[in-house]
Amino acid sequence: MTYFARRIKQPRRRRGNYFNCLRTFLAPLLYALDQVLDKRLVTTLVQSCVAIIRFRNFKQGLWLSELGSYLVGKPGQSKRGTAGTKRLGNLIRSLKWSPWYIDHFLLNEADKEVNALKKEGKRILCIWDESVLEKPESEKAEGLCGVVSSKAKRLHRWKKGVTFNFPPKKAITVTGMEWTGALITGMEGTIKVAVMSWWTKKGDYATKLRKEQERLLRKVVRKWGNMLLHVFDQGASSGAFIQVLEKLRVPFVIRWKKGHNFFDAAGVNKKLWEIGRGKKYLSHKEIRDFHTGQKMPCDLWWAPIWHEASTQQLYLVKVRVRKDVMYIVTNVRIKTEEQAWEMVFAYRRRWQIELAFRYNKSELALEGRTALSGER
């Protein structure tokens, strides 16, 4: 999909090839939907995907009236925008299919990537993260709740010589929906969406982050067992979540908050930043910065640790990049320098899910959806 979107600006005479590529990619989903839907609705689904990619507008990208005008009418069909909007509405309102078909399609596509990486003998990563869909002007849409607005924080930022704003006492919240997802990838190469879920903290379908994470995690574990290395950011750094991971018996990598307590190799209870303080770093290497591409020095120190909420052996990898220190906790055995660096580079791959969230919001205009029903 990313390749298709990047090349869509080529001359019009070649766009038919990209349409065929997209149709080939969606073929498993189309075959499944063809069993339950009218073939005209299946065709509308393909055309709507093409319209979403071509009409990349942040504010109006998912308006049915806009997408309908971009649908290509077949011979005998009206080419007016209102006719396309009606066909798209018939597809969305059809009771013969559900989001289950899309979830199943994404899971199977991710399974192909897992099998390919397994065949090559490479490390398979499952990268997890959370984001939000901000809908500050909405009131009637189903599933809305209060979410922390990163956009408001960015707009409120002080700009030297132009604006000055006092830092807010509390984070600015707006209406929106919570968003949790996981990607399948290797240490390099392509990424595939495994699971994605939009949920709320209020109303009839209210749930909590940990419950939603555990639900999706169980879905992934049922599919692939302990083949994957699960990578989490600081939001997963808690004893309760470690117990969930331990119960499911999955390997994990978590960037931990430095103020939490652990037991060091001598059995002394310390804050994480105090473990290894004053010790000489065990390894040094130059790595590239994601943003600038420049090389920067990186030092590592690792040691076994324990957490009071866990019965298994954990390991701490202390990473110093320039003047910043990062603390990575994993249950993968670390005895050598190569194993420690593998955990560091596995966590660095987590940036791919940040790019995926940004692409969905900006390029595919996911925040521009206007459907009142959460199911639609």
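Is Asp233 buried, partly exposed or exposed? I looked this up first: Asp233 counts as partly exposed, at 22% relative accessibility. I use buried for under 20% relative accessible area, exposed for over 50% and partly exposed for in between, with a 1.4 Å probe and protein chains only.

Notes on the source. The model is predicted, so I took local features only at pLDDT of at least 70 and side-chain atom pairs only at pLDDT 80 or more, while totals for chains, interfaces and linings use all residues. Residues are numbered from 1 along each chain as its sequence is written, and side-chain values use heavy atoms, with hydrogens and water left out.

Salt bridges. Side chains of opposite charge can pair when their charged atoms come close. I counted a salt bridge where a side-chain nitrogen of Lys or Arg lies within 4 Å of a carboxyl oxygen of Asp or Glu. That rule gives 13 salt bridges.

I looked up Asp233 again and found its side chain in a salt bridge with that of Arg350, at 3.6 Å from N to O. Asp233 sits in the loop between strand S5 (229–232) and H10, and Arg350 in the loop between helix H11 (337–348) and helix H12 (351–363), so I noted a link between parts of the chain 117 residues apart. For elements I took DSSP runs numbered from the N terminus: helices are H or I with at least four residues, strands are E with at least two. Arg350 is buried, at 8% relative accessibility. I then found Asp233 and Arg350 in one network with Asp129 and Glu354, joined by salt bridges that share partners.

Next I took Lys201 and Glu178, which form a salt bridge of 3.3 Å, N to O. Lys201 is in the loop between strand S4 (191–199) and helix H9 (209–224), and Glu178 is in strand S3 (residues 173–185), 23 residues apart. Lys201 is partly exposed at 44%, whereas Glu178 is buried at 12%.

I also noted the salt bridge of Glu214 with Lys247, whose closest N and O atoms are 3.9 Å apart. Glu214 belongs to helix H9 and Lys247 to helix H10 (residues 239–248), so this pair ties together parts 33 residues apart in sequence. Lys247 is exposed, with a relative accessible area of 54%.

Aromatic pairs. I paired rings of Phe, Tyr and Trp (its six-membered ring) with centres within 6.5 Å; planes under 30 degrees apart are stacked, over 60 edge-to-face and the rest tilted. The structure holds 8 such pairs. One of them is Phe25 with Phe105, edge-to-face, at 5.7 Å centre to centre and 80° between the planes. Phe25 is in helix H2 (residues 15–25) and Phe105 in helix H7 (residues 99–120), so the pair ties together parts 80 residues apart in sequence. Phe25 is partly exposed at 29%, and Phe105 is buried at 7%.

I checked Trp256 and Phe262 as well: they form an edge-to-face pair, 5.2 Å centre to centre with 80° between the planes. Trp256 is buried at 1% and Phe262 is buried at 0%. Elsewhere, I found Trp128, Phe232 and Phe241 linked by ring pairs into a cluster.

Glu66. I placed Glu66 in helix H5 (residues 64–70) and logged it as partly exposed at 22%.
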